[in-house]
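Work through these exercises with the model open beside you. Try each task before reading its solution.

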Amino acid sequence: MTVDTLNPRSPRSWLYPTPRGLYCKPGDFYVDPAVAVPRAVITHGHGDHARPGHRAALATPETLAIMRVRFEDMPDTSQQPLKYGESLRVGEVDVQLVPAGHILGSAQAVLEYKGQRIVVSGDFKRRPDPTCPPFEPVPCDVFITEATFALPVFHHPSDMGEIGKLLRSVATFPDHTHLVGVYALGKCQRVIKLLRAAGWDQRIWLHGSLLSLCKLYQDHGVDLGDTAHVSDAILETFKGAIVLCPPSAIADRWSRRFAEPVPAVCSGWMRVRARARQSGAELPLIISDHADWAELTQTLKDVGAPKVWVTHGREEALVHYARSIGIDAEALHLAGREEEGA
Ligand SMILES: [Zn+2]
Ligand SMILES: [Zn+2]
């Protein structure tokens, strides 16, 4: 939808979906665009939100650091860091970044134009995560929400309970290696912190593709304890060890070096039996960096927005729910969102 006349009382006249992504007209920028654009505001570092090649990118300092690791330093992108809580005028719009509780550096983009406030939440969750500050509900006129797990069937159990399952399995099968599939950005570091919180103080072994982002988290003050690259092991049998790897590595040649590994995968999708089977996980662990149904619906109440726009995932159910409690809700049908690290 393209609208030529700006009308601050009509939010769809100043922020609207385009084929390149969500466009803010009075600020002349896109939020998490699907392609390279002149000016982008980026909510967080996952691949379906942060892409390379923008001429200018505004994001939290942590998100920019993540993008530099993933996109080879981005020498051609002018990078504008904006810390949580600071405000910056872009064109005629005031932009603020507020914690989203999703991964390190993740933010909600709070956009204000002529007295009207729209919050683009990016991806978020509500439960505590030791690797990032918690989601802050911001009262607004329009709340734009994801809907990755927006069905009542999605109830994420307690993360420490899931970590307990992993540690019980390690104790029960001390001669086996536990291979734990985690996404490299966010899930990996959160699972390490949860293991530490549960008392696992032994070395945690890492697949090579997890090293650079673990180092980045450590450099940002997230203490991961004793970790090491699997390839650096000398005279190590990995019996009784916990090894983290990307989910795809579980079925890979790489995993053959471990004797009778027990494959586990950490993801919100592990709730779905077919997905768990598909992933090859003998031990599916439901640990998600996205809000579940209860968290999504609670968040709509907490922000109190009269209008809600739903971006990616199961839009219909959340739109239906929001309307049932008197919210003017619609699906935005944004292109280019394939959830990374759910
Ligand atoms: Zn994400
Ligand atoms: Zn996403």
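Helix axes here are lines fitted to C-alpha atoms over the stretch in contact, and the angle between them runs from 0 to 180 degrees between N-to-C directions. Two packed helices are described by the angle between their axes and the distance between the axes. Keep in mind that this is a predicted model.

**Exercise 1. Describe how α2 packs against α5.**

Step 1. Take the geometry. The axes of α2 and α5 lie 10 Å apart, and the packing angle is about 155°.

Step 2. Classify the angle. Angles over 145 degrees count as roughly antiparallel. Therefore α2 and α5 are roughly antiparallel to each other.

Step 3. The crossing of α2 past α5 is right-handed.

Step 4. List the contact residues. From α2 come Ala65, Ile66, Val69 and Arg70; from α5 come Ser212, Leu213 and Leu216.

Step 5. Sort them by class. The contact of α2 with α5 holds five nonpolar residues, one polar and one charged.

**Exercise 2. Find which residues of α5 are buried, and which are exposed on the other side.**

Step 1. Apply the cut-off. Buried means under 20% relative accessible area, and exposed means over 50%.

Step 2. Pick the buried set. In α5, residues 211-219, these are Leu213, Cys214, Leu216 and Tyr217.

Step 3. Check where they point. Their arc around the axis is only 160°, so they sit on the same side of α5.

Step 4. Name the cover. The buried residues of α5 are covered by elements including α2 (61-70), α4 (187-197) and β13 (204-206).

Step 5. Look past the end. Gly221 follows α5 and has a positive phi, near 85°.

**Exercise 3. Work out what is buried in α2, and what covers it.**

Step 1. List the buried residues. They are Glu62, Thr63, Leu64, Ala65, Ile66 and Met67.

Step 2. Name the cover. It includes β5 (56-59), β6 (78-81) and α5.

Step 3. Follow the chain onward. Glu72 comes after α2, with a positive phi near 55°. In the loop between α2 and β6 lies Met74. Met74 is not a glycine, yet its phi is positive, about 45°.

**Exercise 4. Describe the packing of α7 and α8.**

Step 1. Take the geometry. Helix α7 (residues 293-303) meets helix α8 (residues 315-324) at an angle of about 40°, with their axes 11 Å apart.

Step 2. Classify it. This angle makes α7 oblique to α8.

Step 3. α7 and α8 cross in a right-handed way.

Step 4. List the contact residues. α7 supplies Trp293, Leu296, Thr297, Leu300 and Lys301, while α8 supplies Ala317, Leu318, Tyr321 and Ala322.

Step 5. Sort them by class. Seven residues in the contact of α7 with α8 are nonpolar, one is polar and one is charged.

**Exercise 5. Which residues of α7 are buried, and what covers them?**

Step 1. List the buried residues. They are Trp293, Glu295, Leu296, Thr297, Thr299, Leu300 and Val303.

Step 2. Name the cover. It includes β11 (142-147), β18 (307-313) and α8.

Step 3. Consider Ala294, which also belongs to α7. Its relative accessible area is 46%, so Ala294 counts as partly exposed.

Step 4. Look past the end. Gly304 follows α7, and its phi is positive, near 60°.

**Exercise 6. Characterise two loop residues, Pro137 and Glu260.**

Step 1. Locate Pro137. It is in the loop between β10 (116-120) and β11. Its relative accessibility is 38%, so Pro137 is partly exposed.

Step 2. Find its partners. Setting aside neighbours within four places in sequence, Pro137 contacts Arg126, Asp302 and Val303. Val303 is one of the buried residues of α7.

Step 3. Take a distance. Pro137 and Ala100 are 37 residues apart along the chain, and their C-alpha atoms are separated by 8.7 Å.

Step 4. Turn to Glu260. It lies in the loop between β15 (242-245) and β16 (262-266). Glu260 is not a glycine, but its phi is positive, about 40°.

Step 5. Assign its exposure. Its relative accessibility is 59%, so Glu260 counts as exposed.

Key:
Residues numbered from 1 in each chain as written. Chains lettered and ligands numbered in written order. Predicted model: local features only at pLDDT ≥ 70, side-chain atom pairs only at ≥ 80, totals over all residues. Heavy atoms only, no water. Buried < 20%, exposed > 50% of the residue type's maximum accessible area, 1.4 Å probe, protein only. Helix = DSSP H or I, 4+ residues; strand = E, 2+ residues; numbered from the N terminus. Arc of directions from axis to C-beta. Contact = heavy atoms within 4.5 Å. Parallel < 35°, antiparallel > 145°, perpendicular 65-115°, else oblique. Left-handed = near helix turned anticlockwise from the far one by under 90°. Nonpolar A, V, L, I, M, F, W, Y, C, P; charged D, E, K, R; others polar.
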